[in-house]
Amino acid sequence: MNSEKENIIIKLKKNGCRITKQREMILDVILENKCSSCKEIYIKVTKMDESIGMATVYRLVKELEKIEVISREIVYK
């Protein structure tokens with residue numbers, strides 16, 4: 001496990017988030033790919049494990065936002 005992933009997992013645990021195998025997979029996809037949306041993350045992660053639901057992706061992304069690891073910006077045109 002790389003140090004960036006370890007640091008994120010430590011922050012998530014401190015914030016009260018359980019680290020499951022599915023959440024680790026989602027985190028791997030986020031760290032390895034330049035994903036622009038939750039849907040894109042979901043598509044990539046379901047290729048690895050079809051049992052992961054869209055809600056799981058959204059919940060983890062929300063947790064990552066809380067601990068300020070990622071930022072979702074809404075851009076209106």
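Which residues in α2 meet which residues in α4? In this predicted model, Gln 22, Arg 23, Ile 26, Leu 27 and Ile 30 in α2 meet Thr 56, Val 57, Arg 59, Leu 60, Val 61 and Leu 64 in α4.

**α2 and α4**
- The contact of α2 with α4 has, by class, seven nonpolar, two polar and two charged residues.
- These two helices, α2 and α4, pack at an angle of about 65°, and their axes are 10 Å apart, which makes α2 roughly perpendicular to α4.
- The crossing that α2 and α4 form is right-handed.

**The buried face of α3**
- Helix α3, which covers residues 38–46, has Cys 38, Ile 41, Val 45 and Thr 46 as its buried residues.
- Seen down the axis of α3, these buried residues fall within an arc of 120°, so they line one face of the helix.
- As a general point, an α-helix has 3.6 residues a turn, so residues three or four places apart point the same way.
- The elements that cover the buried residues of α3 include α2 (21–32) and α4 (54–66).

**α3 and α4**
- Helices α3 and α4 pack at an angle of about 125°, with their axes 9 Å apart, and therefore α3 is oblique to α4.
- Where α3 passes α4, the crossing is right-handed.
- On the side of α3 the contact is made by Cys 38, Lys 39, Ile 41, Tyr 42 and Val 45, and on the side of α4 by Met 54, Val 57, Tyr 58 and Val 61.
- By class, this contact of α3 with α4 has eight nonpolar, no polar and one charged residues.

Notes. Residues are numbered from 1 along each chain as its sequence is written. This is a predicted model: local features need pLDDT of at least 70, side-chain atom pairs count only at pLDDT 80 or more; totals for chains, interfaces and linings use all residues. Side-chain values use heavy atoms; hydrogens and water are left out. Buried means under 20% relative accessible area, exposed over 50%, partly exposed in between (1.4 Å probe, protein chains only). Helices (H or I, at least four residues) and strands (E, at least two) are DSSP runs, numbered from the N terminus. The arc is that of the directions from the helix axis to the C-beta atoms. Contact means heavy atoms within 4.5 Å. Axes are lines fitted to C-alpha atoms, for helices over the stretch in contact, and angles run from 0 to 180 degrees between N-to-C directions. Angles under 35 degrees count as roughly parallel, over 145 as roughly antiparallel, 65 to 115 as roughly perpendicular and the rest as oblique. A crossing is left-handed if the near helix is turned anticlockwise from the far one by less than a right angle, and right-handed if clockwise. Ala, Val, Leu, Ile, Met, Phe, Trp, Tyr, Cys and Pro count as nonpolar, Asp, Glu, Lys and Arg as charged, and the others, Gly among them, as polar.
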